Amino acid sequence: MNLCPGQPYPLGATWDGAGTNFAVFSESATAVDLCLFDDDGAETRVPLTEVDAFVWHGFAPGVGPGQRYGFRVHGPSEPAKGHRFNPTKLLIDPYAQAIEGDVDWGPEVFGYELGSPQADLSVSTADDAARIPKSVVVDTSFYWEDDQPPRTPWHETVIYETHVKGLTMTNPSLPPELRGTYAGVAHPSTIEHLQLLDVTAIELMPIHHFIHPQHLLDKDLRNYWGYDSIGYFAPYSGYSSAGARGEQVAEFKNMVKELHKAGIEVILDVVYNHTGEGNHLGPTLCLKGIDNHAYYRLVPDDPRFYFDFTGTGNTLNVRHPQVLKLIMDSLRYWATEMHVDGFRFDLAAALARELFDVDRLSAFFDIIHQDPVLSTMKLIAEPWDVGEGGYQVGNFPALWSEWNGKFRDTVRDYWRGEPATLPEFAFRITGSSDLYAEDGRRPMASINFVTAHDGFTLNDLVSYNEKHNEKNGEDNNDGESHNRSWNCGVEGETDDPEINNLRERQKRNFLTTLALSQGVPMFLGGDEMGRTQYGNNNAYCQDNEISWFDWTLRDENIVLLGFTRRLMAFRSRHPVFRRRRWFKGRAILGTPDIAWFTPQGTEMTQEEWEAAFARSIAVFLNGDELPSPAPDGSRVTDDSFIVLFNAHDDSVGFTMPEPAWGEEWTTVIDTNDPGVEDDTIFYKSGEEVRAEARSVVVLRRAR
């Protein structure tokens, strides 16, 4: 095959109807071969002889969608200097929009001879083309109809974190061929479930094409979570019901289109901090063989080795302009071509390390802030990494929201009865102004969560004191050991009705606290149905019933699901629980916008705030004091509420405050009685409302 010169941009494989342009960046390469594969696996190699600004490129007439390809890159093999070129290794295109298959592990996929002294300094000459996933040329055309992003305001947003396969794999309402796929997420039954929970955004765990590490496959496990990306433009082919020769792209787009029709945004969990190529002993799959020195953070005085701020063996070199371009091109591609609505950045602190320290003014943040597309999207940081100084909750710049780990920890501590948590609990349920107010951000900067994919599910949070990760094959040494969980008296499943009733109440306490706190609630998918991982708090490798949803609901899970639906419908009706601005603690029209009361009905004093034993508090939320107008400029008003939080191990009587705050109140939510109905029980000012041990009671001021 003879190539035409083609163009250096865009990078990757671009089909124009007559042929395909191929372009790949390598700063230190001496030659690059384009490798085309037919249906039988036969390979045709064609040199890319055109080079502009370190981009090797060529146009292949007649080559079109479905064509499988890869690259072989020539250059110095000097691992001690950070160069790991090896043309016997077929390389995945970093800009491939589709990738077919998974790595077939064998010694051939490593750039060095396994088992040799100082192994990674040696050079393997074994060809690995038969074992490497193939990049695929894609037809990007798609009929989007009149697709419009929902653009749900942050203060109206409810996030549901879930997994494409786990959410749909066992749903009996889905045709078997759609289970575990993008098409399964797009199915009406899946969407109906989300709508009944008033979900406005689904946050999908990694769908960028990833690898299953050999050490997991050797133990009959898989990389279920997907945090080993190897293709930042390609939806993982294993979640496709349609095939892997590019069809997964259209299937993903259709999923987004159907979710948008239902008013549900799509947020992707993206992993730009590292790849699946590991450290100096890892495989050569993509960036390591294309230009290791450019793409990865190497130790300056010994570039044989990698900086590891992620705990995975390597860290992408975001200081290099081409790496920043790779990340930004990927983000824009998913925003403009795939129509997603936002991104959650895994270990985002690693992306902000210009040198060694986390820098909120780094080039990564600057370039996103200036981008006309990305700066308008939902941007969520996981505000930590595993490096020194990596815990950065509250320190990300404007435009960013953050997973608020302090909300999770404080709420867990409060409901398990830890001392001296009341003042911090008050900060967390009112939006964490101590973390976000000073730099001009609003309550929506706080992504509130109690559980997430990493850790216990809600069911396990109230059922286990210790992790039980034995099935991960690491002797229970993996996963977090300090979970702030409480098993309510017995470890694991029990037939004791008293303990089970307490556990169900604790679940409702956590869900109610999350739903009614200021900020953006994020629910872990399946918590609404009592999903359990049987005490496994690190199920990253469990692609099985441990991680998948169980749609065969037991009686108590049916009750929990019904309660959660009513709770979220209640939240959506009442803007006082989703304010756009901070509480001021003072009156504008009458009584203050917020007030805090003791169980005796008196306003809290400083001494009472500082009491380490305090477990119970009442919060008044004034619906007449909402400072933010509606989109049309009209004034927004709501009912006023008193929320009673009782984390004590005994019931507590709360005296309703004096008539100035409200003359009559009615119970609308009681976590001790999930079936309570609105407007059935009334209390006058001065009367006592009893909150059972470890419960939440929400009262509305009578109209």
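Cys35 touches Glu43, Thr44, Arg45, Arg68, Tyr69, Gly70, Phe71, Arg72 and Leu90, residues up to four places away in sequence not being counted; contact means heavy atoms within 4.5 Å. The model is predicted, with local features needing pLDDT of at least 70 and side-chain atom pairs pLDDT 80 or more, while totals for chains, interfaces and linings use all residues. Numbering starts from 1 along each chain as its sequence is written, and side-chain values use heavy atoms, without hydrogens and water.

**Exercise 1.** Determine whether Cys35 is buried or exposed.

*Solution.* Next, take its relative accessible area, which is 0%. Buried means under 20%, exposed over 50%, and partly exposed in between (1.4 Å probe, protein chains only). Cys35 is therefore buried.

**Exercise 2.** Identify the edge strands of the open sheet formed by six strands.

*Solution.* First, write the order, S22-S23-S24-S29-S26-S27, with antiparallel pairing; two strands pair if DSSP finds at least two bridges between them. Next, look for strands with a single partner: S22 (594–597) and S27 (682–684) stand at the edges, so one side of each has no neighbour in the sheet.

Definitions and conventions. Helices (H or I, at least four residues) and strands (E, at least two) are DSSP runs, numbered from the N terminus.
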